[in-house]
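This briefing concerns strand order and helix packing. Please consult the sequence and the structure shown here while reading.

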Amino acid sequence: MSNNLKESLEDFTKFANGLRKGAENLAAIDEIKIGHTEKELVYQDGKRKLYRYSQRVRKVSPVPMLVVYALVNRYTMLDLQPNRSLIRNLLDQGQDVYIIDWGYADRMDRFMTMEDYIDGFINDCVDFIREQHKLKAINLLGVCQGGTFSTIYAALYPEKVKNFIPVVTPIDFDTKGSLLNIWASSFDADLMVDAYGNVPGDLMNQAYTMLQPFTLSIQKYINMVGIMEDSEKLADFLRMEAWIFDSPDQPGETLRQFLKDFYQGNKLVKGEFKLGNRRVELKNITMPVLNVYAEFDTLVPPASSKVLLKHVGSKDAQEVTFPVGHIGMFVSGKTQKSLAPKIAEWLNDRI
Amino acid sequence: MQDFFKQQPDWLKTWQGNQEALTKQFAGLSEEWMKSVSGGLKKEPDFFEGWFKSQGDLQEQFREFGRRMNEMIGSVWSNKIPPDMLRYVNTSFLEAFYKNWLSNIELPGGIKNPLGVDGGWQQAASFLRTFMERENPFFSTFSSNKITDQMSQMFGMLQGTLGQNAGPFGAIMSGCQDYFGKLMESSTSQAAEKLAEGFDTWSKEMEKNLMAPKLGINRELAREISQALVLTKDYLSAFSKMARLVDATSRKAGTRFQAKLSEAALSNKPVNKFVDFCALWATENETVFLDIMGTQEFATLQGQVIDAGHRLKIQWNKLAEKALEPTPLALKRDLDLAIAEIHQMKRDMRTFQREIKEMKAESQVAHKAQAAAEEDAKKSKAALKAAEAAALEESKKAKAALKAAETAAQVQAKKAKAAEVAAEALAKKAAPAAKAVMASPKAATKTKSKNA
């Protein structure tokens, strides 16, 4: 018993030493930066920007790829740091990558609708790239909510999309695998948007923290002490934290429509969703599709993504899954060497 | 800022030294206790004083560490990560964990750690309440600190606008603010329920003020404030229901955590390590909470709290607008209208630009078609010209050939004529001879034979 006590206290001393060393490391760390890969601004409409990443290999795919990220959080997740970067890995595989930066919504974006984002900026970007490369169609990769936007785009403009790759994309919002789906069906989206205008990113973060309340608000910081002695790991941790809390506010009208039509109405899979005056029918997606989803995703459960292939009209449609979570898809060591090569290989077979 | 960083290592070294010394002292006491137990010696009272003092000092040290650590994180991280994050990082909870952990360590001789007695720290529910007081985001989600921010702003505006004429409004406003302040500080479901009840009684009194004829031109404002009171009541009521559920769930989670701790000890694998202890606490609580949070009943209740909060916020917005109406300031609704109009104009502009682009593209296609047709016409013309030239050439050639043929024919004709003439001449020449022959058959024969 005495030994137990001694061990306990020794262990605690170790923990406390870790804190001390960690505090010193913390003071020595410079500004935390994310999104390292070189890129160039090629097109802009107000605060919405289109970037093209610099090539990293000589032989580049003749068909460029447009990456559409979600409005929730920032696209920098895809390029968190050099050794955790889907973007860098895709470039290394010879892909010519463009990405949309939605910017930070402010009061002037209060009335931005999904139509403005999809039929507006995504379509403008696709046209811009098509013109630049003198191509009829380009490759489209959508992530999470950006994947849902891209799905809608691919259904409305199939002639402009050569190959479509939705990644961890919610399509069926009526699956019970996610607490978000359950919670979002039980409050009044109109009241929320009417009360806030643009819905604060902070509020969105709280909702995500609630998915694993004790892990994300306590356990994570206890575990942090274990890595604080290692300045590299501490910097990795801080980069992730910086990304997590870099949460733009959500444009009111877009969020209203997204919550009501998808989370509450599940209209996309029912074939009832309309963008502006046009009905969006998933069967119009006839180009090759590679549906990528995460096995342990708690934000977008696999069932929510998998359903896409049942609805599309493509004859060439495949799915690929990785044993990771929603964010792990982009930052885990498991996918760093497999996700980008898989996408590139699939695309190269369809040039 | 630089001085602050310089101070840290010194402070940390001192802290570490103290902490290690105290740990050794504490461990030494426990060893001494063991010896005394095995030797059957009775310990003097001052021994226990030392024992408790060590623990108390350790706890104090850890509290200090948590405080300094928080201070440091705030200073160091503020220029590295978004300020919103700092609100989420509160390492002072380490102290609470430490205290809880310490109280659960099994002491020599089965003695229970006296720290466990003072504040019921072994109960997760109690721990959670302390957590809630520290504005942890988990619990602030059930409430909404955004609403209180909004209220403060609105009160400021209303009071500024109404000035000394605020009259009964001032009392209502400060009363509401006071209730919300207490609600955010309330750490138990009972406290929230009491607040809701208190508010109910208070708001009925306030309604009487709002009915008073002295309100005069502010009657409309009075109606809006009255509505705000009703919505506030709804919100407090929904909040207290949620608080009750959180309270009950945390008790359940606490019991489960204690059971797991005992289970581990009984199976001779006591949770001695601080990190393991924290992990067990978080895991067990999360399991119990997520069980509840995944139900439709929870979602419905959460929806009620959220909706009530939003209704209230909308009403506060309305009140703020009312307060600002007499001022020359632009109202939110005016700005919203302007923004909506600007947005629509932008959208129209985009449509227009797209149409122009399409027309341009169509015109380019037509232009190209025209150019191609003109090119074709040019080519046809050139081909016609070439054909004409070729035909002319051919005709020339034909003409020349005809002429040549004619000439040749003429030459031939001439030759034929000449031959004819020659033949005639020959015939003429031959005529006398023939005559002669006719006249002389002999001669004729001779001639014949000569010719032969």
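Predicted model: local features only at pLDDT ≥ 70, side-chain atom pairs only at ≥ 80, totals over all residues.

Which residue in β7(A) is the bridge partner of A:Val67? The partner is A:Leu141.

- Eight strands of chain A form an open sheet with mixed pairing, in the order β1-β2-β6-β3-β7-β8-β11-β12.
- The edges are held by β1 (39-45) and β12 (317-322) of chain A; each has a single partner strand, so one side of each lacks a neighbour in the sheet.
- On average, and with direction ignored, neighbouring strands of this sheet are turned by 20° against each other.
- Within chain A, β3 (residues 65-68) pairs with β7 (residues 138-143) in the parallel sense, over four bridges.

**Helices on the sheet**
- Helix α3 (residues 114-133) of chain A packs on the sheet, where it touches β1, β2 (48-53), β3, β6 (97-101) and β7 of chain A. The direction of α3 makes about 35° with that of β2(A).
- Helix α4 (residues 145-156) of chain A lies across β3, β7 and β8 (161-167) of chain A and runs at about 145° to β7(A).

**A helix pair**
- In chain A, helix α6 (residues 189-196) packs with helix α10 (residues 252-264) at an angle of about 170°, and their axes are 9 Å apart.
- The two helices, α6(A) and α10(A), are therefore roughly antiparallel to each other.
- Residues of α6(A) in this contact include A:Met192 and A:Val193, while those of α10(A) include A:Leu255, A:Arg256 and A:Leu259.
- By class, the contact of α6(A) with α10(A) comprises five nonpolar, two polar and five charged residues.

Definitions and conventions
Residues numbered from 1 in each chain as written. Chains lettered and ligands numbered in written order. Heavy atoms only, no water. Pairing = 2+ DSSP bridges. Axes fitted to C-alpha atoms, helices over the stretch in contact; angles between N-to-C directions. Contact = heavy atoms within 4.5 Å. Parallel < 35°, antiparallel > 145°, perpendicular 65-115°, else oblique. Nonpolar A, V, L, I, M, F, W, Y, C, P; charged D, E, K, R; others polar.
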